[in-house]
Amino acid sequence: MKTKRQIIEIDEAKCNGCGLCAAACAEGAIEIVGGKACIVQEAYCDGLGACIGECPEGALTIVERGVDAFDAEAAEARLRAGGKTEPPEEKTPPRGCPSARIQMLTVPPVSSTNPPSSALVHWPVQIRLVPPTAPFLKGASLLVASDCTPVAYPDFHKDFLKGRAVLIGCPKFDDMEANVSKLKDIFLTAEIKDITVLIMEAPCCSKLSMIVKEGLRRAGRKIPVEVAVVSARGQIIDRTALAV
């Protein structure tokens with residue numbers, strides 16, 4: 001039944017497909033399809049506009065028109081079932097901040113003329129920039145790493161990044177609640193297979209495993225988690241299964 005209410009409207013001409021609006025939408029009403037953000041279904045959008053401030057292109061506005069009534073239960077059920085999205089198609093040069101644009105990266109094969117390179121297969125990597133519907137998260141083994149670990153551990157790419165999707169953050173300076181909420185949405189949506197948490201031996205860094213554990217609790221998910229600890233001299237000094 002149609003009712004006159006507020007709803008998000010997306011200007012496709014302005015949208016660069018970065019996915020930040022999808023990440024900010026707690027109801028999962030926005031997906032990136034064909035390289036553009038779109039409202040999956042009117043009933044999933046509450047019209048409150050939490051996504052608007054995240055758009056670097058000003059492509060989102062709140063309008064009032066006759067649409068389906070907001071259905072919170074349907075939106076929650078969809079999140080629990082897992083959403084579907086398509087990788088952005090790059091038909092035109094990207095606009096907006098490159099750090100927020102979803103990209104799938106190719107790792108070239110190693111040969112005598114092509115030495116080992118980065119094991120990173122996607123972009124972005126910061127927790128706050130990655131939308132729960134990002135295609136590289138679907139069914140992935142996930143590495144959640146504190147942002148000091150790639151600097152301290154010399155074989156980060158070979159031993160931890162290879163074969164995994166990665167999320168990086170700082171448990172001391174990042175917004176802890178925002179990261180818990182983002183991880184909760186990822187665990188609800190992405191069907192993560194297993195999680196490796198890589199932290200430094202500094203006490204503040206241990207909060208990252210707490211953030212992951214709380215995200216799992218809120219999502220109601222039980223996913224195998226291993227926590228690895230790196231010393232300041234770049235050695236793995238502990239590896240422990242996390243009880244969730």
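**Close-up 1. Cysteine 21 and the closest cysteine sulfur in the predicted model.** The sulfur of cysteine 21 lies 6.1 Å from that of cysteine 15, which holds the closest cysteine sulfur. A disulfide requires two cysteine sulfur atoms within 2.5 Å, so the separation between cysteine 21 and cysteine 15 is too far for a bond. Cysteine 21 is buried, and its relative accessible area is 6%.

**Close-up 2. Cysteine 38 and the closest cysteine sulfur.** For cysteine 38, too, the closest cysteine sulfur belongs to cysteine 15. The two sulfur atoms are 9.0 Å apart, which is too far for a bond. Cysteine 38 is partly exposed, with a relative accessible area of 28%. A disulfide is a covalent bond between the sulfur atoms of two cysteines.

**Close-up 3. The largest pocket and the residues closest to its centre.** This pocket has a volume of about 400 Å³. Its lining comprises 17 residues, of which Ala23, Glu54, Arg128, Ala178 and Lys182 are the closest to the centre.

**Close-up 4. Helices in the lining of the largest pocket.** Helix 1 (20–24) and helix 5 (176–189) are the elements that give two or more residues to the lining. Helix 5 supplies the largest share, namely five residues.

**Close-up 5. Residue classes in the lining of the largest pocket.** Eight of the lining residues are nonpolar, six are charged and three are polar.

How values were computed. Residues numbered from 1 in each chain as written. Predicted model: local features only at pLDDT ≥ 70, side-chain atom pairs only at ≥ 80, totals over all residues. Heavy atoms only, no water. Buried < 20%, exposed > 50% of the residue type's maximum accessible area, 1.4 Å probe, protein only. 1 Å grid on protein atoms, 1.4 Å probe; cavity = no way out; pocket = protein on both sides within 12 Å on 5 of 7 lines; lining within 4 Å. Points joined across faces, edges and corners; volume = space filled by probe spheres on them. Helix = DSSP H or I, 4+ residues; strand = E, 2+ residues; numbered from the N terminus. Nonpolar A, V, L, I, M, F, W, Y, C, P; charged D, E, K, R; others polar.
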